[in-house]
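I opened this notebook page to record what I looked up on charged pairs and on one helix. The entries follow the order of my searches.

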Amino acid sequence: MIKAAWSAIHVITFMVLAGCSFSHQVSVQDDFTAEAEDLPRISSTGPVAIDMQTQKPSGSIELCKAGGRTYYADYGTISDFALSSAGNILERNGVEVSDSAEKRLTIIALDGTCKTSGLLLNFIMDMTVKTGDGRMKDFSGYQKMMHLPERDFALSAATLNAVLGMFSDPEIQQYLKE
């Protein structure tokens, strides 16, 4: 009886440890938005177009490897979330978003990575943006979390933080005011 109990404990321990080393699909939380107090103040002399110049395929891509786990995410979903977050921020600032606008912000690169530090996992979302007049700027969003429970939140927050960084940038704000 004691041998059977120890065998069961070993099997359960192995299953738990093996489960921690598998791949994990990470998703953005579509309804995740910035709090009002976190919104940068933006003004524009006219409507703004926001679009994406995709450099990666849609579908599931390897986001990063950390802590014995591989994290995957759907690139198209992350891109859509970045675009919708940018539109949401502009609209909440009273700026019209229009596909035909002369002022344009194009996200030309969006790349996610992660790093571990003890039990913490830091998601990093890097974004390159090109303005309609050809200026290019790089922005990064970060979010730390415990490894598994909050990974969707962390990916969403890192992406949103990169977008918030874009709109907080003085050069981007100046471009929108010109």
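I took a salt bridge to be a side-chain nitrogen of Lys or Arg within 4 Å of a carboxyl oxygen of Asp or Glu. The model is predicted, so I noted that local features need pLDDT of at least 70 and side-chain atom pairs pLDDT 80 or more, while totals for chains, interfaces and linings use all residues. Residues are numbered from 1 along each chain as its sequence is written, and side-chain values use heavy atoms, with hydrogens and water left out.

**Entry 1: salt bridges.** I searched the whole structure and found 5 salt bridges. One joins the side chains of Asp51 and Arg104, at 2.9 Å from N to O. This pair links strand S2 to strand S5, 53 residues apart. Helices (H or I, at least four residues) and strands (E, at least two) are DSSP runs, numbered from the N terminus.

**Entry 2: Lys137.** I found Lys137 in a salt bridge with Asp169, the closest N and O atoms being 3.2 Å apart. Lys137 lies in strand S7 and Asp169 in the loop between H3 and H4, so the pair ties together parts 32 residues apart in sequence. Lys137 also forms a salt bridge with Glu171, at 3.3 Å between the closest N and O atoms.

**Entry 3: helix H4.** I listed the buried residues (under 20% relative accessible area; exposed is over 50%, partly exposed in between; 1.4 Å probe, protein chains only). In H4, residues 170-177, they are Ile172, Gln173, Tyr175 and Leu176. They fall within an arc of 160° seen down the helix axis, so they line one face of H4; the arc is that of the directions from the helix axis to the C-beta atoms.
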